[in-house]
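Look at the structure first.

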Amino acid sequence: MKHFFKLLFVLLLSISVNAQMNSKEIDSLVNYAMGKFNVAGMSVAVVKDGKIIHNKGYGITSIETKLPVNQHTQFAIASNSKSFTTAALAILVEEGKINWLDKVKDHIPEFTMYNKYVEDNFNIQDLVTHRSGLPLGMGDLMFFPDGSDFTIDDLLASFQHFKPESAFRTKWDYDNLLYLVAGELIARKSGMTWEDFIEKRILTPLNMDNTYASLDHIKDTSNLSASHSTETGDIRIIPTFKEMINGAAGGIFSNVDDLSQWMLLHLNKGKYGTDLKERLFSAENHREMWKMHTVLDSGFNPRYNTHFSGYGLGWFISDVKGNLKVEHSGGLPGMLSNTVMIPDLNLGFVILTNTSNDGGLLFSALSNAIVDKYLGLDDFKWVDKYSNYFNNKVKENDGFTKKVWEDVASADTSKIKHENYVGQYKDNWFGIMEVYRKDDKLYIKSHRSPKLNGELQYYKNQTFAVKWEYQDMNADVFITFGIDFRDIAQNMKIKGISPDIDFSFDFQHLDLKRIN
């Protein structure tokens with residue numbers, strides 16, 4: 001019997017040792033994946049058992065400069081910034097300046113919501129758990145695309161005009177705007193901007209010296225990756241997205257070397273520094289961040305024996321093969337990121353890419369492959385599966401949008417009276433969109449978001465198609481006018497043309513009515 005247990009121990013040890021990845025294996029996986037997807041550059045870091053075991057860049061920072069990506073190359077981490085916002089709130093909780101369940105109105109009196117009950121009972125955790133009752137991406141047009149003139153005052157007043165989709169605290173729907181409110185709350189309670197708080201209270205103690213809470217804070221941009229896109233075909237450079245109001249929903253620029261320290265902090269439940277003698281936040285508040293606050297319908301995944309899925313405070317929470325999995329992804333035009341931790345295995349990894357569209361499928365494929373390796377699962381060929389899925393989806397979506405523009409080109413415009421549509425149309429939270437004539441053509445423009453302008457091209461019935469001047473992401477739209485008995489347009493409804501339009505272009509939430 002003793003020999004049996006000895007043999008069993010050796011077998012278990014062998015399984016544990018084999019369920020690892022070395023740098024050579026990671027290099028091989030990444031290089032294979034980059035050959036399948038059209039991505040300019042990326043970087044990957046893996047931490048295991050308290051150590052950084054892989055920390056490396058691949059490809060180039062820019063298709064123009066051809067400079068190589070390294071472990072210090074800065075990328076926009078987009079929504080991975082949200083976990084920094086919740087950590088900042090945890091610090092303020094421990095300083096006694098706020099409590100997690102404080103009502104938002106007690107700290108921001110001008111905060112509004114779609115009804116009085118929700119407004120009066122909306123607490124700080126409601127800001128960061130996506131359970132407000134509002135639909136997916138509600139109001140993101142206030143800062144998507146960038147360059148609009150909306151202020152924090154506009155934002156705080158906007159929620160009263162939004163229409164809920166579900167009952168308060170009953171359903172998960174991703175919300176960026178409420179994180180911006182959380183950023184404003186941090187500023188008011190700390191006496192400094194969200195950006196300064198993040199840098200002084202989190203980045204500096206962790207020696208994340210090449211991480212910045214805002215694009216404007218980066219003085220030396222020599223190792224800042226350019227943003228790329230493949231959404232309109234060949235890979236091209238697009239302008240770097242600039243967060244507005246504050247960066248609490250997605251404003252941080254970082255690199256895999258620094259983010260390794262961020263993962264180690266969380267895997268050590270708030271401890272950092274030499275011999276883990278320092279603490280950024282308590283184990284209690286770390287549990288609060290990694291506790292499921294909003295339940296998601298994950299279904300059952302037999303490959304991972306997954307039973308639950310939900311959202312904590314700035315983190316997605318689920319189980320894989322009996323292990324807790326904590327993760328978050330992030331996406332902005334030309335920049336995509338993914339952070340995954342499995343604390344039961346003392347494992348974490350981060351993937352940063354500088355090309356939107358292809359980059360999202362790339363990091364998903366790599367993430368699944370890395371998780372599978374550490375769980376000791378078989379090779380599921382994730383890279384090939386995602387590549388095939390992506391190519392088929394692109395063909396399907398391209399086919400649909402191509403047909404739309406073919407229909408536009410062949411449409412009979414002889415009976416269209418431009419004067420019936422010219423005028424200003426107002427939405428209560430987004431403001432005025434104006435239809436006007438120029439060179440015998442119809443155009444539309446937003447008064448507050450200047451990148452949203454383009455020609456109205458007739459499609460069918462009372463519907464036009466618009467190819468925006470803004471082409472950093474695929475956000476072209478249908479606009480359908482409601483007409484009165486005189487055939488004069490009185491309102492308009494907008495929705496994306498592409499089935500794959502990003503949810504932050506929430507045109508469908510606008511209620512635009514003629515004002516003149």
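Q: In which hand does α12 cross α13, right-handed or left-handed?
A: In this predicted model, α12 passes α13 in a right-handed crossing. A crossing is called right-handed if the near helix is turned clockwise from the far one by less than a right angle.

Q: Why are α12 and α13 called roughly antiparallel?
A: Their axes cross at roughly 155 degrees. Angles over 145 degrees count as roughly antiparallel. The two helices therefore get that label. Their axes come within 8 Å.

Q: Which residues of α12 and α13 meet?
A: From α12 come Asp 358, Leu 361, Ser 364, Ala 365, Asn 368, Ala 369 and Asp 372. From α13 come Trp 382, Val 383, Tyr 386, Tyr 389 and Phe 390. By class, this contact has 8 nonpolar, 2 polar and 2 charged residues.

Q: What makes α2 roughly antiparallel to α12?
A: Helix α2 (residues 23-36) and helix α12 (residues 358-375) pack at about 150 degrees, with axes 10 Å apart. The cut-off is over 145 degrees, so α2 counts as roughly antiparallel to α12. α2 passes α12 in a right-handed crossing.

Q: What does α2 bring to its meeting with α12?
A: Glu 25, Leu 29, Val 30, Ala 33 and Met 34 in α2 touch Leu 362, Leu 366, Ala 369, Ile 370 and Lys 373 in α12. The classes here are 8 nonpolar, no polar and 2 charged residues.

Q: Why is α12 called mostly covered?
A: Of its 18 residues, 16 are buried. Buried means under 20% relative accessible area.

Q: How do you know that the length of α12 agrees with its number of residues?
A: At 1.5 Å a residue, its 18 residues should span 26 Å. The end C-alpha atoms are 26 Å apart, so the two values agree.

Q: What do the buried residues of α13 pack against?
A: They pack against α2, α12, β19, β20 and β21. The buried residues include Trp 382, Phe 390 and Trp 405.

Terms used
Residues are numbered from 1 along each chain as its sequence is written. This is a predicted model: local features need pLDDT of at least 70, side-chain atom pairs count only at pLDDT 80 or more; totals for chains, interfaces and linings use all residues. Side-chain values use heavy atoms; hydrogens and water are left out. Axes are lines fitted to C-alpha atoms, for helices over the stretch in contact, and angles run from 0 to 180 degrees between N-to-C directions. Helices (H or I, at least four residues) and strands (E, at least two) are DSSP runs, numbered from the N terminus. Angles under 35 degrees count as roughly parallel, over 145 as roughly antiparallel, 65 to 115 as roughly perpendicular and the rest as oblique. Contact means heavy atoms within 4.5 Å. Ala, Val, Leu, Ile, Met, Phe, Trp, Tyr, Cys and Pro count as nonpolar, Asp, Glu, Lys and Arg as charged, and the others, Gly among them, as polar. Buried means under 20% relative accessible area, exposed over 50%, partly exposed in between (1.4 Å probe, protein chains only). The expected span of a helix is 1.5 Å times one less than its number of residues.
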